[in-house]
Amino acid sequence: MPAKRSAGILLFRRDPDLQVLIGRLGGPLWQRRTEHNWSIPKGEYGPDEQPLAAARREFTEELGLPVPDVELADLGTVKQRGGKLVQVWAGAVEAELDLTNLTLGTFELEWPPKSGKAQLFPELAEVAWTSIEQARQRLVAGQVDFLDRLIEQLG
């Protein structure tokens, strides 16, 4: 069985220091975690979808905003502990993004488990600009490499 694939977009800005836009994971499985519970906006895609198209779609689905019209640089792919392959593109944002009225995407999950009750949960519970240092502490471990790759690309 082929590995699951996921694609995402990591927006960054200089305000004046380098900051990245990440989101705290939503849903009941992440509620009690206080560290490494944030993610780059991303999501899975199938064999019939191109990775960059999936990254753009997932960004819009998760944040309720279109991807800003910026040049996107490929940060490559990382294999996470569970075997999922994650590919991320980075883009510099010059104008301010309005994060006050986001329409965060949701997913349905049977909760509590084996209850037969389906509930809707936010894919991301909140979204914020964070420093690189904060992002290193917040991001799930398998995504931290993208921060190093971003810094390397920026020189």
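Strands are DSSP runs of E with at least two residues, helices are runs of H or I with at least four, and both are numbered from the N terminus. The views below show a predicted model.

**View 1. Histidine 36 in the loop between strand 2 and strand 3.** Histidine 36 has a phi near 50°, a positive value in a residue other than glycine. Most residues other than glycine have a negative phi, and most peptide bonds are trans. The relative accessible area of histidine 36 is 29%, and the residue is partly exposed.

**View 2. The loop between strand 7 and strand 8, with proline 112 and lysine 114.** Tryptophan 111 and proline 112 are joined by a cis peptide bond, with omega at about -5°. Lysine 114, in this loop as well, has a positive phi near 65° and is not a glycine. With a relative accessibility of 83%, lysine 114 counts as exposed, because the cut-off for exposed is over 50%.

**View 3. The aromatic pair of phenylalanine 107 and phenylalanine 121.** The structure holds one aromatic pair. Its ring centres are 6.0 Å apart and its planes meet at 35°, so the pair is tilted; planes count as stacked under 30 degrees and as edge-to-face over 60. Phenylalanine 107 belongs to strand 7 (residues 106–110) and phenylalanine 121 to strand 8 (residues 118–122), so the pair ties together parts that lie 14 residues apart in sequence. Is each of these residues buried or partly exposed? Phenylalanine 107 is partly exposed, at 29% relative accessible area, whereas phenylalanine 121 has 10% and counts as buried.

View 4. Proline 16 sits in the loop between strand 1 and strand 2.

**View 5. The largest nonpolar core.** This core has 21 residues. Ile9, Leu11, Leu21, Phe59 and Leu63 are those with the most contacts inside it. Two or more core residues come from each of strand 1 (5–14), strand 2 (18–25), helix 1 and strand 9 (124–131). Which element gives the most to this core? Helix 1 does, with four residues.

**View 6. The largest pocket and its lining.** The volume of the largest pocket is about 760 Å³. The lining is made up of 28 residues, and Leu25, Trp30, Ser39, Lys42 and Lys84 are the closest to the pocket centre. At least two lining residues are supplied by each of strand 4 (42–45), helix 1 (51–63) and strand 7. Strand 4 gives the most, with three residues. By residue type, the lining of the largest pocket holds eleven nonpolar, nine polar and eight charged residues.

**View 7. Arginine 138 over the face of tryptophan 38.** Arginine 138 lies at 4.7 Å from the ring centre of tryptophan 38. This distance falls within the cut-off, because a charge over a ring requires CZ of Arg within 6 Å of the ring centre.

How values were computed:
Residues are numbered from 1 along each chain as its sequence is written. This is a predicted model: local features need pLDDT of at least 70, side-chain atom pairs count only at pLDDT 80 or more; totals for chains, interfaces and linings use all residues. Side-chain values use heavy atoms; hydrogens and water are left out. Rings of Phe, Tyr and Trp (its six-membered ring) pair if their centres lie within 6.5 Å; planes under 30 degrees apart count as stacked, over 60 as edge-to-face and the rest as tilted. Buried means under 20% relative accessible area, exposed over 50%, partly exposed in between (1.4 Å probe, protein chains only). A charge sits over a ring if NZ of Lys or CZ of Arg is within 6 Å of the ring centre and within 35 degrees of the ring normal. On a 1 Å grid over the protein atoms alone, a cavity is a set of points where a 1.4 Å probe fits but cannot get out, and a pocket is an open set with protein on both sides within 12 Å along at least five of seven lines; lining residues have an atom within 4 Å of a point. Grid points are joined across faces, edges and corners, and a volume is the space filled by probe spheres set on the points. Ala, Val, Leu, Ile, Met, Phe, Trp, Tyr, Cys and Pro count as nonpolar, Asp, Glu, Lys and Arg as charged, and the others, Gly among them, as polar. A nonpolar core is a set of buried Ala, Val, Leu, Ile, Met, Phe, Trp, Tyr and Cys residues joined through side-chain atoms within 4.5 Å.
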